[in-house]
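Hello,

I am passing a structure on to you. Please open it first, then read my notes below.

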Amino acid sequence: PTSSVGGRSVDASAGGSSKGRSRSPSLSGDEDKKSSSGRSRGSSSRDGSDSKKDRKKTDIDGRASKNREGGEGKKAKATEPKVSAEGTAFAELPKLKDSSAGELGELFCQKVRLCATIYDFRNAESELAEKEGKRQTLVELLDHASASKTPAWAEEAVMSESVDMIGANIFRTLTRRERTPLDMLEAEDDEPALDPAWPHLELVYELLLRIISSKDVDLTMATKQINQKFVGKLLELFHSDDPRERECLKTIMNRIYAKYSSLRSLVRRAIQNTLLQATIEDEVQNGMAERLEILSRYINGFQTPLKEENREVLTKVLIPLHKVEWLTLFHSQLLDCTKKFTEKDPRLAHNVVVALLRFWPYNMASKQILFLGELEDMINVMPLPEFKRIQDALARRLAACVSCYNSDVAEKTLALWRSDKFVKLITKECREQFPIMVSALYNNATQHWHNNVHSRTFEVLKMLMERDPELFDSSSTKHRKNVEEEEKREAERERKWAVLAALHQRKLEEPPQQEPELDLSPVASGAPTAAA
């Protein structure tokens with residue numbers, strides 16, 4: 001039979017009773033729910049992205065439940081496992097629940113040492129009995145932690161053995177998948193690479209989470225094992241291709257940050273260095289979204305007014321991430337971090353808008369749509385004095401996007417005018433730049449190729465005409481004058497070209513003039529030359 005642990009099904013047919021299988025420190029805890037809800041609020045402008053992520057998560061969890069019965073692609077039966085662990089070293093040891101209190105610690109250590117053995121899951125037919133025995137033993141260790149009031153790892157020796165076993169299982173060489181530019185453009189449809197060893201790895205990660213979250217473990221003793229070296233290796237595992245492993249790591253790192261205050265600066269620096277490395281190298285890296293979700297929780301703890309070192313996290317780490325080509329893979333998490341900074345200090349929205357205008361992706365429509373959504377969020381929280389500093393550059397950029405030949409970019413820009421706050425800000429504070437945007441709208445109405453852009457352009461023009469008729473009429477008059485002047489310049493340019501073309505044609509019709517022949521014969525010695 002199987003039982004649910006943190007949203008995942010874990011086989012409990014062997015290795016202890018199923019009582020107490022509901023584990024309090026779940027690998028999908030409350031912090032993940034909060035971060036996921038924040039992401040859903042931050043991605044309201046991206047239609048259909050949440051449903052795709054939900055379908056992908058359902059597919060991943062379905063695969064995890066199929067792979068739990070001792071190998072990749074092996075479906076779990078509800079009655080009994082296919083493979084028996086009889087005859088293995090795991091089956092020779094007695095059960096923890098049958099041992100006395102004096103023998104419990106040593107027996108626990110023996111089982112932990114056996115679980116430090118690593119098996120090759122790439123070969124689904126090899127060592128099946130040993131793999132099943134190890135899985136059952138890991139389940140038994142977790143059942144013991146759930147059933148006993150004081151877990152065995154409360155002793156320092158058992159704690160050391162347990163952490164060593166966990167490190168032997170999870171600290172390994174990761175295989176990285178090559179990604180093409182098409183994968184970056186279709187991030188939502190990217191098929192995740194699942195680790196075949198996950199039936200063991202998930203149980204090991206859950207054991208680590210139990211140890212970290214245990215209130216019975218002395219913090220000084222635990223710090224000797226959960227040290228800077230161990231946490232540094234944990235952060236490297238975010239490069240894993242398996243999204244289930246990255247979710248577990250995210251939960252574990254949040255618990256470590258909350259409980260071990262001496263490791264907080266290390267975790268923050270390590271995450272910031274990884275983000276900087278991604279900006280400089282501009283190569284697709286796994287775990288960027290999870291790292292940003294962790295950083296978002298840390299930003300919540302920053303006190304106001306923000307310190308200079310906290311401001312540098314935004315200006316030197318988060319803002320440069322907008323330059324990478326594969327921004328679509330983690331933009332919603334990056335936007336969530338940026339919003340939390342601007343909530344603590346709205347003046348920082350000016351820095352974000354200036355960077356977006358400087359890093360504008362002229363040749364990538366998908367990134368332009370993301371940038372437009374972020375511009376809207378930043379404008380809504382930006383103080384008026386800061387907005388006046390960038391209103392000219394912002395108006396010119398919006399006018400260019402309205403006239404963009406990519407219909408998605410043009411429609412996204414026109415959608416900004418549906419916000420009443422945005423319209424009030426533009427009509428009241430950008431009166432000098434207003435004619436630029438009206439001219440772009442008029443050009444759309446006459447020159448754009450897409451029907452939806454045409455209809456939405458007329459809707460915006462009608463709304464602006466009703467909102468401020470005087471400003472709209474003056475802007476329309478300037479637009480007509482500019483069009484007339486442009487037509488005059490165009491006519492003058494065509495006239496000059498016509499004159500040049502006539503001169504060229506006349507030169508072609510004239511007969512070619514014969515040039516005098518040169519006398520190249522040698523001159524006799526003593527004879528007078530023409531120069532003489």
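What volume does the second largest pocket have? About 560 Å³. Please keep in mind that this is a predicted model.

Some more on that pocket. Its lining is made up of 22 residues. Nearest the centre of the pocket lie Arg172, Thr173, Asp195, Pro196 and Ala197. Two helices, α6 and α8 (198–213), each give at least two residues to the lining. By type, the lining of the second largest pocket has ten nonpolar residues, seven charged and five polar.

Next, helix α4. This helix covers residues 101–115, which makes 15 residues. From first C-alpha to last, α4 reaches 22 Å. That is close to the 21 Å expected at 1.5 Å a residue. Which residues of α4 are buried? They are Leu104, Gly105, Leu107, Phe108, Cys109, Lys111, Val112 and Cys115. The cover over these buried residues includes α3 (89–92), α5 (128–147) and α6 (156–170).

Last, Ser439. You will find this residue in helix α21, which runs over residues 434–447. Is Ser439 buried or exposed? Its relative accessibility is 14%. Buried means under 20%, so Ser439 counts as buried. Ser439 and Arg480 are 41 residues apart in sequence. In space, their C-alpha atoms are 8.8 Å apart.

Best wishes

Methods
Residues numbered from 1 in each chain as written. Predicted model: local features only at pLDDT ≥ 70, side-chain atom pairs only at ≥ 80, totals over all residues. Heavy atoms only, no water. Helix = DSSP H or I, 4+ residues; strand = E, 2+ residues; numbered from the N terminus. Expected span 1.5 Å × (residues − 1). Buried < 20%, exposed > 50% of the residue type's maximum accessible area, 1.4 Å probe, protein only. Contact = heavy atoms within 4.5 Å. 1 Å grid on protein atoms, 1.4 Å probe; cavity = no way out; pocket = protein on both sides within 12 Å on 5 of 7 lines; lining within 4 Å. Points joined across faces, edges and corners; volume = space filled by probe spheres on them. Nonpolar A, V, L, I, M, F, W, Y, C, P; charged D, E, K, R; others polar.
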